[in-house]
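User: Could you take a close look at the sheet in this model for me, and at the helices packed around it? I'd like the criteria spelled out as you go.

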Amino acid sequence: MANRILVVEDNDLNRKLFCDVLKANGYEVVPVADGLNVLATAKKFAPHLVIMDIQLPNVSGIDLIAQLKADAAMADVPVLAVTAYAGKGDEERIRDAGAADYLAKPVSIGPFMAAVRALLPG
């Protein structure tokens, strides 16, 4: 059974790229463009990993990470934060919210897949 990955990314090109690369590597992927749908989708899909854009319309990715971590069913699911918003102190805030790892955009495929593999079970 393939590991399931929830991809939260509002940029169409980034979302498609992440999903295509993950599917090509054998993962089951569900994309989410709107942060407002993340919790409901995550509960239905039960992902093994969440890839979270930090700058989303309507809601902050940092807030979403905190909400996922506060939910008993989702608390143990690792979150890989991906963001172009990489100022001083941002990585610390993102990790404090509960992200297991952090990548700054633009993301290269090699480091992206290495981070994904490092966070998945088995």
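**The sheet and its helices**

Analyst: Happy to! Five bridges join strand β1 (residues 4–8) to β2, and the two run parallel. Within this pair, L6 stands opposite V30 in β2. Strands count as paired if DSSP finds at least two bridges between them; helices (H or I, at least four residues) and strands (E, at least two) are DSSP runs, numbered from the N terminus. This is a predicted model, where local features need pLDDT of at least 70, side-chain atom pairs count only at pLDDT 80 or more, and totals for chains, interfaces and linings use all residues. Residues are numbered from 1 along each chain as its sequence is written, and side-chain values use heavy atoms, without hydrogens and water.

Taken as a whole, the open sheet has five strands in the order β2-β1-β3-β4-β5, with parallel pairing. From one strand to the next, the twist averages 20° (axes are lines fitted to C-alpha atoms, for helices over the stretch in contact, and angles run from 0 to 180 degrees between N-to-C directions).

Now the helices. α1 (residues 12–24) lies across β1, β2, β3 (49–53) and β4 (79–83), at about 170° to β2; contact means heavy atoms within 4.5 Å. Helix α3 (residues 61–70) lies across β3 and β4, at about 155° to β3.

In α5 (residues 109–119), the buried residues are F112, M113, A115, V116 and L119, where buried means under 20% relative accessible area, exposed over 50% and partly exposed in between (1.4 Å probe, protein chains only). These residues lie on the same side of α5 because they cover an arc of only 160° around the axis, taken from the directions from the helix axis to the C-beta atoms. Their cover includes β1, α1, β3, β4 and β5.
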